[in-house]
Amino acid sequence: MDWDNLRFFLEVSRTSRLVTAARRLCVDHTTVSRRIHALENEIGAQLFSRGAAGYVLTEAGRRLLPQAEAMENACLIVEQEYRQT
């Protein structure tokens, strides 16, 4: 599983918008869309329902969210640990 795809998933889940997530990640919104589609294909489930109100987590997305957040936290801890040495 590609960690970068999960980072994109987390930003879309937090912002509900591709464009906003793209700005935060310093990429184009089409890159965010491709990453979300790649993750959905890898998992075999739709992670967001897409509509005028933005991107809303599906049941599969809600199940993935805490696991992706745990991975993000683990990465942050590693970064902090090695920046101090």
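# Notebook: salt bridges and a helix crossing

I started at arginine 35, which has 24% relative accessibility and so counts as partly exposed. I kept in mind that this is a predicted model.

**Entry 1**

**Entry 2: the overall layout.** I stepped back to see the whole chain. I counted four helices and two strands, and along the sequence they come in the pattern α-α-α-β-β-α. The C-alpha trace spans about 45 × 25 × 20 Å along its principal axes. Of the 85 residues, 34% are buried. I also looked at contacts between residues at least 6 apart in sequence, and 50% of these join residues at least 24 apart.

**Entry 3: the other salt bridges.** How many salt bridges does a search of the whole structure find? I got eight. Side chains of opposite charge can pair when their charged atoms come close.

I picked out glutamate 11 and arginine 24, whose side chains meet in a salt bridge at 3.3 Å, N to O. This pair links distant parts of the chain, with glutamate 11 in helix α1 and arginine 24 in helix α2 (residues 18–25), 13 residues apart. Is glutamate 11 buried or exposed? I read a relative accessible area of 12%, under the 20% cut-off, so glutamate 11 is buried. Arginine 24, at 53% relative accessibility, counts as exposed.

My next stop was arginine 83 and glutamate 79, which form a salt bridge at 4.0 Å, N to O. Both lie in helix α4 (residues 59–83), four residues apart, or about one turn of the helix. Arginine 83 is exposed, with a relative accessible area of 67%, while glutamate 79 is partly exposed at 39%.

**Entry 4: where α1 meets α4.** I turned to this helix pair. The two axes come within 10 Å and cross at roughly 115°, and α1 passes α4 in a left-handed crossing. I listed the residues that meet: Trp3, Leu6, Phe9, Leu10, Ser13 and Arg14 come from α1, and Gly61, Leu64, Leu65, Ala68, Glu69, Met71, Glu72 and Cys75 from α4. Sorted by type, they divide into nine nonpolar, two polar and three charged.

**Entry 5: serine 13.** I finished with one residue of that contact. Serine 13 is in helix α1 (residues 3–15), and at 18% relative accessibility it counts as buried. What does the side chain of serine 13 reach? I found the backbone oxygen of leucine 10, at 2.7 Å. Leaving aside neighbours within four places in sequence, I see serine 13 in contact with Phe48, Leu57 and Leu65.

Methods. Residues are numbered from 1 along each chain as its sequence is written. This is a predicted model: local features need pLDDT of at least 70, side-chain atom pairs count only at pLDDT 80 or more; totals for chains, interfaces and linings use all residues. Side-chain values use heavy atoms; hydrogens and water are left out. Buried means under 20% relative accessible area, exposed over 50%, partly exposed in between (1.4 Å probe, protein chains only). A polar contact is a pair of N or O atoms within 3.5 Å; within protein, one must be able to donate a hydrogen and the other to accept it, and residues adjacent in sequence count only if both atoms are side-chain atoms. Contact means heavy atoms within 4.5 Å. Axes are lines fitted to C-alpha atoms, for helices over the stretch in contact, and angles run from 0 to 180 degrees between N-to-C directions. A crossing is left-handed if the near helix is turned anticlockwise from the far one by less than a right angle, and right-handed if clockwise. Ala, Val, Leu, Ile, Met, Phe, Trp, Tyr, Cys and Pro count as nonpolar, Asp, Glu, Lys and Arg as charged, and the others, Gly among them, as polar.
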